[in-house]
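Please look over the sequence and the structure shown here. The paragraphs that follow go through them part by part.

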Amino acid sequence: MNLPLLLHFVRQDLIDRHAASALGALWTLLLPLSNILIFTLVFSRIMGMRLQTMEMEYLGNYSYSVYLVSGLLAWICFSSTLARITQVYHANAGLITKVRVSLFSLPLYIIVSETIIYLISMGFFVIFLLLIDFKWSYHWFWLPIIFLVQQLLAFGLGLICAILSVFIRDVKELVNVVIQFWFWMTPIVYAFSIIPEKWSTLFLLNPIYHTTKALRDTLILGQSPDLAGLGMVFGCGLLLLLLGIILGRHLERDIRDFL
Amino acid sequence: MIDVNGLEKVFKLYHRPADRLREIVFRRPYHTPFHALKNISLQVGRGETLGIIGRNGAGKSTLMKILNGVLLPDSGTVVTNGRVTGLLELGTGFDYNMSGVQNILTNGLLLGMTEQEIAERENDIIEFTELGDFINEPLRTYSSGMVMRLAFAIAIHADPETFLIDEALSVGDGRFQQKCMRRIREFRQRGGAIIFVSHDLNAVKMICDRVLVLEEGAVVAQGEPEVAVNYYNRILAGEQEDAALLGNVGSGYGSYEARVIAAKASGENSAGDILSSGENLLLRVTVEADVAVADLTLGLMIRDRFGQDIFGTNTHFMDYPISLNAKEKRDINFCMPMILAPGKYTITLALHEGADHTDACYHWWDNAVQFEVSGIRGYSFNGVCNLNPSIQ
């Protein structure tokens, strides 16, 4: 897939898909926004106290919002990238069976378009942070790297799920269920400190825990991220992507036959 | 341009797609193989048009999909030079909520054009579609013919080196079809190669240089369009003969329960088999039945020297039922004004049941009779036939 075609797919995905609705592309932003609102309203009371320990005292009432939104935006991006890549071959079956298109670069348009949605949401978030006099830090330069590591993981995992879902349709539903569990198993709406000691090692195995933590360390605390954790996620993502490509090359003929 | 060698394709038929994974895990087969293409080799050079004909399920579409790169073969090689554009299904990726202009961009990119090329050719494309102001309306407001016109216009302007056309020429009205054909001929003159799949045997004969007949995944005949088309007709009639016999059709084939034992064409006035245009042609066909046949149809097809179908009819169409007792012989006499242009013609005869020969074919005799039209009675004319106009 060449660059103009990729960009065209992204444009279609972001804008043309909503051509018939009055609010258009705004809808892609409204869903995350409503999520943020709900979680802020519901959890700020419960969680607000615990966050005082995280050097966010000066943010006062906003501390939970900042904590939540930073984690939630990244999660929404990760989970919808994963879920949509899982369905990429079924969704584009009409294309794959008629035009020569690479199975491995096809998911890129989803990654790019979800990234753009994330960047727009982050743009709003940063404006919000500036409005509440948030402390700016040069460690923010880590953010793109952390985000790319996370998207690499989504690509690798998504590619494998997409290939499997051609053969087993249930994978699509399974991924959606797993995403629900995964969300609540990751400290996004709650703080890691509420996890009982004996469970905490289990949480350390969750790659998204590491990316979310790295994100908050740099964004909120202005520290450099834990490179060991981030490196592990990067390795994980690379390995999954490689595995996906090997699996895909092995099964490409069957995938094209089945679609 | 296109060089295909020893292409094999086996579809593995599984009860469920998941069985493919079980197969990998347990290392034993869970499928029934279906041999879709067997040892296919073909070459198409610059400016050449190869036709592919065959019954439904013979493997035509599978072959086209492999050439287009959307399916992968099991073995064999496909070498293509330059851009190959498939007109396998017109309008791939069309979004019916978007306008015609926007869809030109999408479809063009999918066909492998660059944005610059699309911008340059956009006006030509729009002009070719003859859609006028509709081009700015969403596609859902189009008639299906308009969508097809748009799709064809984009495809023909994609300017590929090789064109794969699969039943795509039944686009729009007759005039638009002619325009498409003209474009295709221009494309060929510029050195483009075409692979053309169709059930429209007349179109195949008209535009193809060579024709390949596929049957059950294998090439059973290959050669001159007329010869290959006749061979294909024979397959349709349910009898397959060795490809080597092609061209030497002899006295035909069929079940011979009823057969044509003699046929003679002559001019009403000339008495010989050379007549002038405008004269009546008398065609006497003698048929005989071995067993009693109730619903017998005698059909004829006049073809010109290019093998193009000029005119055909049968006694079923003409409401002239024939029923023969066992061992009965009968003459059937046709008389028709031969208002054709001068040239040599052949008549193919067929005896079958019902409206066409696909149900029960008793006797099919290619080129049973020849006659020649020489000279014109009345005013001279050009073209295939004389419509006898008058000026008022």
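A residue counts as buried if 20 or more other C-beta atoms lie within 10 Å of its own, as exposed if 12 or fewer do, and as partly exposed in between, with the C-beta atoms placed from the backbone. The model is a predicted one, in which local features need pLDDT of at least 70 and side-chain atom pairs count only at pLDDT 80 or more, while totals for chains, interfaces and linings use all residues. Residues are numbered from 1 along each chain as its sequence is written, and chains are lettered from A and ligands numbered from 1 in the order in which they are written.

Chain B comes first. The C-alpha trace of chain B spans about 70 × 70 × 40 Å along its principal axes. Chain B has 8 helices and 18 strands; these are DSSP runs numbered from the N terminus, helices being H or I over at least four residues and strands being E over at least two. Of the 392 residues in chain B, 39% are buried. Two residues are in contact if their C-beta atoms, placed from the backbone, lie within 7 Å. Among the contacts in chain B between residues at least 6 apart in sequence, 70% join residues at least 24 apart.

One open sheet in chain B has 3 strands in the order β2-β1-β4, with antiparallel pairing. Two strands pair if DSSP finds at least two bridges between them. Why is one side of β2 and of β4 of chain B left without a neighbour in the sheet? Strands β2 (32-44) and β4 (75-80) of chain B stand at the edges and each has a single partner strand, so one side of each has no neighbour there. Direction ignored, neighbouring strands of this sheet are turned by 25° against each other on average, the axes being lines fitted to C-alpha atoms. Strand β1 (residues 2-13) of chain B is joined to β2(B) by 9 bridges, and the two run antiparallel. Leu13(B) has Thr32(B) as its bridge partner in β2(B).

Ile156(B) is in helix α5 (residues 144-157) of chain B. Ile156(B) is buried because 21 other C-beta atoms lie within 10 Å. Between Ile156(B) and Phe187(B) there are 31 residues in sequence and 8.5 Å in space, C-alpha to C-alpha. Asn333(B), in strand β16 (residues 329-337) of chain B, is exposed because it has 8 other C-beta atoms within 10 Å. Leaving aside neighbours within four places in sequence, Asn333(B) is in contact with Leu282(B) and Arg284(B). Asn333(B) and Lys205(B) are 128 residues apart in sequence and 30 Å apart in space, C-alpha to C-alpha.

The backbone angles come next. Most residues other than glycine have a negative phi. Asn367(B), in strand β18 (residues 361-376) of chain B, has a positive phi near 50° and is not a glycine. With 17 C-beta neighbours inside 10 Å, Asn367(B) is partly exposed. Asp133(A), also not a glycine, has a positive phi of about 60°. Asp133(A) sits in the loop between α6 (108-131) and α7 (142-167) of chain A, and is exposed, with 10 C-beta neighbours inside 10 Å.

The two chains also touch. How many residues does each chain give to the contact? Chain B gives 23 residues and chain A gives 21 residues. On the side of chain B that touches chain A, the elements that give two or more residues are α1 (18-26) and α3 (100-110) of chain B. The largest share of that side, 4 residues, comes from α3(B).

How values were computed: Axes are lines fitted to C-alpha atoms, for helices over the stretch in contact, and angles run from 0 to 180 degrees between N-to-C directions.
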